[in-house]
Amino acid sequence: MWRIWRRVGSLSPLFSSPKSSILRQDLIQAPYRLNFLGILSTENGTPATIGFFSKEKTPFIAFVLGGPGSGKGTQCAKIAEAFGFTHLSAGDLLRKEISSNSENGAMILATITEGKIVPSGVTIKLIRREMESIENNKFLIDGFPRSEENRIAFERITGVEPNIVLFFDCPEDEMVKRVLGRKQGRVDDNIDTIKKRLKVFAALNLPVINHYTRRGKVYKINAVGTIDEVFEKVRQVFDDCKQMIK
């Protein structure tokens with residue numbers, strides 16, 4: 001049985017055509033209880049048990065998508081503080097794995113440097129590990145899924161869809177300027193890699209956004225403006241979804 005959640009409001013539609021009204025339709029959420037074990041897979045496909053998903057309360061999951069430099073991480077930090085979410089950055093988890101000198105680290109580094117997508121099983125394993133270790137039941141998954149293959153793998157492995165999807169829409173020139181100006185010492189913060197990442201984003205991430213748009217789950221955020229100006233748009237989304245967030 002499916003439960004229908006009425007969305008109180010929405011931000012600007014993802015597309016300008018009349019069909020964009022899909023963003024204002026009812027938000028459909030599967031009431032998975034997640035009280036099963038052994039459904040998550042390691043990167044070699046072997047079933048793995050995850051304690052988190054055996055909890056009684058269904059987690060609230062928000063995917064946070066947008067190109068590199070669109071402001072996802074900055075806004076996630078503010079959402080976490082204002083609304084009590086745990087922020088899981090797929091990019092940060094991958095970079096942490098690189099610095100740990102694990103057997104996957106070299107492969108992840110080479111993949112990111114080429115602007116390519118890290119294998120789904122690797123990223124989901126890292127996300128799973130963090131979720132297992134945290135008592136909170138509200139998660140922002142930042143920068144994942146980055147492709148339809150990522151999305152399908154996440155839903156197949158976990159048995160759930162996100163409750164909502166935030167899409168930070170930002171012009172390419174602005175994203176390049178932000179990434180090159182942040183000077184955080186990331187291995188992927190250089191002009192060649194950023195341009196590769198933007199091409200990959202356009203080719204692979206937009207189909208994910210389109211899929212969830214059809215599901216009525218996408219909130220498009222105009223990411224141009226000051227941090228506080230953008231956050232006011234984000235705040236409206238979470239205020240509108242207050243009844244869904246337990």
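User: At what angle do the axes of helix H2 and helix H4 cross?

Analyst: This is a predicted model. Helix H2 covers residues 90–99 and helix H4 covers residues 120–132. Their axes come within 10 Å, and the crossing angle is roughly 100°.

User: Is H2 roughly parallel or roughly perpendicular to H4?

Analyst: Angles of 65 to 115 degrees count as roughly perpendicular. The axes cross at roughly 100°. Therefore H2 is, relative to H4, roughly perpendicular.

User: Which residues make the contact, and how many of them are charged?

Analyst: H2 contributes Ala 90, Leu 93, Leu 94, Lys 96 and Glu 97. From H4 come Thr 123, Leu 126, Ile 127, Arg 129 and Glu 130. By class, the contact of H2 with H4 has 5 nonpolar residues and 1 polar residue, and the number of charged residues is 4.

User: How many aromatic pairs are there in the model?

Analyst: Rings pair if their centres lie within 6.5 Å. By this rule the count of aromatic pairs is 6.

User: What kind of pair do Phe 63 and Phe 154 form?

Analyst: The ring centres of Phe 63 and Phe 154 are 5.2 Å apart, with 70° between the planes. Planes over 60 degrees apart count as edge-to-face. The pair of Phe 63 and Phe 154 is therefore edge-to-face.

User: How many residues apart are Phe 63 and Phe 154, and where do they sit?

Analyst: Phe 63 is in strand S5 (residues 60–66), while Phe 154 is in helix H5 (residues 148–158). The pair links distant parts of the chain, and the separation is 91 residues.

User: Is Phe 154 buried or exposed?

Analyst: Buried means under 20% relative accessible area. Phe 154 has 2% relative accessibility, so Phe 154 counts as buried.

User: What is the geometry of the pair formed by Phe 85 and Phe 238?

Analyst: Phe 85 lies in the loop between helix H1 and strand S6, and Phe 238 lies in helix H8, 153 residues apart. Both Phe 85 and Phe 238 are buried. Their ring centres are 5.4 Å apart and their planes are at 75°, so the pair is edge-to-face.

User: Which residue lies over the face of Phe 231?

Analyst: A charge sits over a ring if, among other conditions, NZ of Lys is within 6 Å of the ring centre. Here the distance from the ring centre is 5.1 Å, and the residue over the face of Phe 231 is Lys 78.

Notes:
Residues are numbered from 1 along each chain as its sequence is written. This is a predicted model: local features need pLDDT of at least 70, side-chain atom pairs count only at pLDDT 80 or more; totals for chains, interfaces and linings use all residues. Side-chain values use heavy atoms; hydrogens and water are left out. Rings of Phe, Tyr and Trp (its six-membered ring) pair if their centres lie within 6.5 Å; planes under 30 degrees apart count as stacked, over 60 as edge-to-face and the rest as tilted. Helices (H or I, at least four residues) and strands (E, at least two) are DSSP runs, numbered from the N terminus. Buried means under 20% relative accessible area, exposed over 50%, partly exposed in between (1.4 Å probe, protein chains only). A charge sits over a ring if NZ of Lys or CZ of Arg is within 6 Å of the ring centre and within 35 degrees of the ring normal. Axes are lines fitted to C-alpha atoms, for helices over the stretch in contact, and angles run from 0 to 180 degrees between N-to-C directions. Angles under 35 degrees count as roughly parallel, over 145 as roughly antiparallel, 65 to 115 as roughly perpendicular and the rest as oblique. Contact means heavy atoms within 4.5 Å. Ala, Val, Leu, Ile, Met, Phe, Trp, Tyr, Cys and Pro count as nonpolar, Asp, Glu, Lys and Arg as charged, and the others, Gly among them, as polar.
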